[in-house]
Amino acid sequence: MKSIFSLSLCVLLSMNAFSQKKEALSSKDKAVAEHFKNGYKKKNYKRFEGKITEKDKLFQFDDKIIYYDKSDKITALLLKEGLIYPQLLTDYQMQKFLDETEDKTQKRFLKLQKDPKAGFDVSGIKLSNTTEVPSLSTNPNIKRFKIQCRDNRISSTLTYFIELSNKDANDKTSLEDFIKKSKLTYIYQRPE
């Protein structure tokens, strides 16, 4: 009887050890998950249409540059395919400012500038640590990624979340093929 009780106890205790554990989301990640669940509208962003030149640790988009870590294959592929580029992020930052700022004087001042985008220029940033966040999407046609962005001019780190959509994808589509045939359908930025 003692051995049956001991065996039962061992089995019960080991069940928890061998069960799959779901990674707990941090409060920031919960906020992002909630944002994707309720607070966004898809868009269709264009791929970069100019000249993309890959050099050692950087991609050049016409006259703008984004640095990256060569070991980060996802970032390199996003840049190479023209899904993420400085002009896109500059436009995004400017629109985000216009949408979120309630100070009418700042908005008027911005519109009076000769080149209003100059203050939002993101050329020279470094993108790194791009990871897919599968907990943000269960649809095989949609993948969401988290990208770290470092801007040395303002010595801060931002986190971008992007959504890529590929209507031809399925569960067996490789990440590389998914990215190559996808469209950028959403950008969300959060300071770290």
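The structure is a predicted model, in which local features need pLDDT of at least 70 and side-chain atom pairs count only at pLDDT 80 or more, while totals for chains, interfaces and linings use all residues. Residues are numbered from 1 along each chain as its sequence is written, and side-chain values use heavy atoms, with hydrogens and water left out.

**Overall fold**

- The secondary structure of the protein chain comes to six helices and seven strands, where helices (H or I, at least four residues) and strands (E, at least two) are DSSP runs numbered from the N terminus.
- Read from the N terminus on, the elements follow the order α-α-β-β-β-α-α-α-β-β-β-α-β.
- Of the 192 residues in the protein chain, 36% are buried, a term that means under 20% relative accessible area, as found with a 1.4 Å probe and protein chains only.

**Ser165 in strand β6**

- Ser165 belongs to strand β6, which covers residues 156-165, and this residue counts as buried because its relative accessibility is 15%.
- The side chain of Ser165 makes a polar contact of 3.1 Å with the side chain of Thr185; such a contact is a pair of N or O atoms within 3.5 Å, and within protein one must be able to donate a hydrogen and the other to accept it, while residues adjacent in sequence count only if both atoms are side-chain atoms.
- Leaving aside residues up to four places away in sequence, Ser165 touches Lys42, Asn141, Ile142, Phe178, Ser182, Lys183 and Thr185, where contact means heavy atoms within 4.5 Å.

**Helix α3**

- Helix α3 (residues 73-80) is largely enclosed by the rest of the structure, because six of its eight residues are buried.
- The buried residues of α3 are Ile74, Thr75, Ala76, Leu77, Leu78 and Leu79.
- After α3 comes Gly82, which has a positive phi near 75°.

**The largest pocket**

- The largest pocket is lined by 17 residues, of which Lys43, Tyr45, Tyr92, Asp99 and Ile187 lie nearest its centre; on a 1 Å grid over the protein atoms alone, a pocket is an open set of points where a 1.4 Å probe fits, with protein on both sides within 12 Å along at least five of seven lines, and lining residues have an atom within 4 Å of a point.
- The elements that give two or more residues to this lining are α4 (86-100) and β7 (183-191), and α4 gives the most, with seven residues.

Technical notes: Buried < 20%, exposed > 50% of the residue type's maximum accessible area, 1.4 Å probe, protein only.
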